[in-house]
Amino acid sequence: MDIRQYINSAIQKLGAEVPFVELEVPRIARHGDLSTPVAMVLAKRLKKAPRVIAEELASILSAEAPFEKVEVAGPGFINFTFKRRFLYAELRALLNNPSRYLRKDLGQGQRVQVEFVSANPTGPLHLGHGRGAAVGAALANLLARAGYDVEREFYVNDAGRQVRLLGESIFARYKEILGVACPFPEEGYRGDYIKDLAADLLREVGERFKDSDFDLAGEYFIRFGVDRMLKLMEHDLRDFGVVFDRWQSEKALYDEGLVKKCLEELRKKGKLYEEGGALWFRATEFGDDKDRVVIKSDGSHTYFASDIAYHWYKIQRGFDELINIWGADHHGYVPRIKAVIRALGYPEERLGVLLVQIVTLLRGGRPVQMSKRSGEFVTLREVMEEVGADTTKFIFLTRSHDSHLEFDIDVAKKESSENPVFYVQYAYARINSIFRKAEEEGIQTGKEGDLNYLEEETEIGLIRKILFYPLMFEGAVRTREPHRITFYLQELAGLFHPYYNTHRVLGVEPAALTLARLSLCDAVKTVLKEGLSILGVTVPERM
RNA sequence: GCGCCUGUAGCUCAGCAGGAAAGAGCAACUGACUUCUAAUCAGUGGGUCGGGGGUUCAAAUCCUCCCAGGCGCACCA
């Protein structure tokens, strides 16, 4: 259904144009099936009264095939009512080829990289990472279905101080087990998982490092810790239903000389300078608050240095668009990375940063304090096991990414019987149940039912909702907001359940009505499945 | 002090490039299972959209100031 096309061509006939035709689904039935305020937008441009423009557009549009009625109302709204025949034909089109109907090729093969989670490999993933994972994965799925060529990447901070601290922490625990005195690093990681790692490492290498210095043994301990942490994170993410195409190592950027090469590139462009023994990037030239150090006076690189190289490398790899999903606590970092993009000679829009706001975990109505260093944090795995991956993801995707999220674990569990995710899944399971029963009764469940039998107002409402999926989809893609899918699915399920309660599909007369309703159910099921799979939520055959 | 995010029903949140009379879920109350799954449905109550200005034919939505909460402002990672 491409209604905009009709409207656009009508606007052209008036000798005007508009960048975007806004369409909305009116809340009130009297206002038709679909509505546009575009005449009011045009009023200024055409220097005519909005109602006059609306009337002109309406008279052109009322001749078009899909419309039963095209009315002008209020200050200049144009309200459309579809012909039933049109709705049936559209529904038929969807049934015949769901993915063509539901997935619009908006990306046209453009290459997009979504980088998300990218947690330091120094401890288990916590709930905040889970939110990033859910949002990133859903966004990647969404874009993939919109015709983008998507890559999902996890950036591994396996160089620098944090992983060194990880190594030192394991080292200290290792010695502790062997009864060798060794001070625990000041800012080391104190979680119990470090002790487990140390014990595992001991099992693997025995007492080989009992008397070693960290300078000597460090490399091994760091490597060991990072590998184990990466495996753990990958495993947790996999169980959460999130899989990456690529894991990019920061260390590799150094080892392969990319950091050096990139800094060289910037130097050539005159965007670096030395001062006070350090090497600086002219970030202020590109809108950042201050210039930033890339190589400290002691000769070591800042994190920023590898981040510059990383983004440069990503662009080199040929992506049309980069999307970084970051925790909101990194928002101060955005201007300097954008500055880098520009300094390297690329448009700033090449990079989009989606900031995912903080998750507060409530247990027993109280916020649970989280601090990685002290080892007090709630892991993604704990929550996943306690409330389930589907519920966890759904909760994350029922908020817009820039809204602070309160994750009340008691509510998430307690409500499990009335949880929104189950509400949607249940609709799916119920439809399956109908189809199972139909097969038992030997009813042919193909999609060929004569849709003209769908005459009830609730059925028409359901059809409309289904056919508006692409409209919602487009918006979700345009704004990069997967949570719109979540709300849509709840609304769709919210139309299906009442329908189910008041209308029987099987055993009604005439038999053709059953077939028509089966087709409708099939369409609902298809859309539910499509949406849930974008969110990464499972579709249960029965519940 | 500066910057970013948030402030909508008792609670958790939507509100789709400003648009027609503010929405959902939960919680509360009242009803519905000999029928394809009651993890469901029907109904009731509940809001000065943080506050003040401004722009507009039209503002929850844009601008501005203020208030409140969160998060950032390193030759840290």
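This is a predicted model: local features need pLDDT of at least 70, side-chain atom pairs count only at pLDDT 80 or more; totals for chains, interfaces and linings use all residues.
Residues are numbered from 1 along each chain as its sequence is written, and chains are lettered from A and ligands numbered from 1 in the order in which they are written. Local features need pLDDT of at least 70, side-chain atom pairs count only at pLDDT 80 or more, totals for chains, interfaces and linings use all residues, and side-chain values use heavy atoms, with hydrogens and water left out.

Reader: Which element supplies the largest share of the surface near RNA strand B?
Author: A residue is near the strand if one of its heavy atoms lies within 4 Å of it. Elements supplying at least two such residues include α2 (38-46), β3 (77-82) and α20 (483-502); helices (H or I, at least four residues) and strands (E, at least two) are DSSP runs, numbered from the N terminus. The largest share, 8 residues, comes from α17.

Reader: How do the residues of that surface divide by class?
Author: Ala, Val, Leu, Ile, Met, Phe, Trp, Tyr, Cys and Pro count as nonpolar, Asp, Glu, Lys and Arg as charged, and the others, Gly among them, as polar. Among the 65 residues around RNA strand B, Phe20, Phe77, Gln162, Arg399 and Ser433 come nearest. The division is 25 nonpolar, 20 polar and 20 charged.

Reader: How far is a polar side-chain atom of Arg484 from a sugar or linking oxygen of RNA strand B?
Author: A polar contact is a pair of N or O atoms within 3.5 Å; within protein, one must be able to donate a hydrogen and the other to accept it, and residues adjacent in sequence count only if both atoms are side-chain atoms. For the side chain of Arg484, the distance is 2.6 Å.

Reader: What area do domain 1 and domain 3 bury between them?
Author: The automatic or database assignment gives domain 1 (3-82) and domain 3 (419-535) among the domains of chain A. Buried area is the accessible area (1.4 Å probe) that two parts lose on being put together, summed over both. Carbon and sulfur atoms hold 67% of the total, which is about 490 Å².

Reader: Which residue forms a salt bridge with Asp33?
Author: A salt bridge is a side-chain nitrogen of Lys or Arg within 4 Å of a carboxyl oxygen of Asp or Glu. The count between domain 1 and domain 3 is 2. With the closest N and O atoms 2.7 Å apart, the partner of Asp33 is Arg464.
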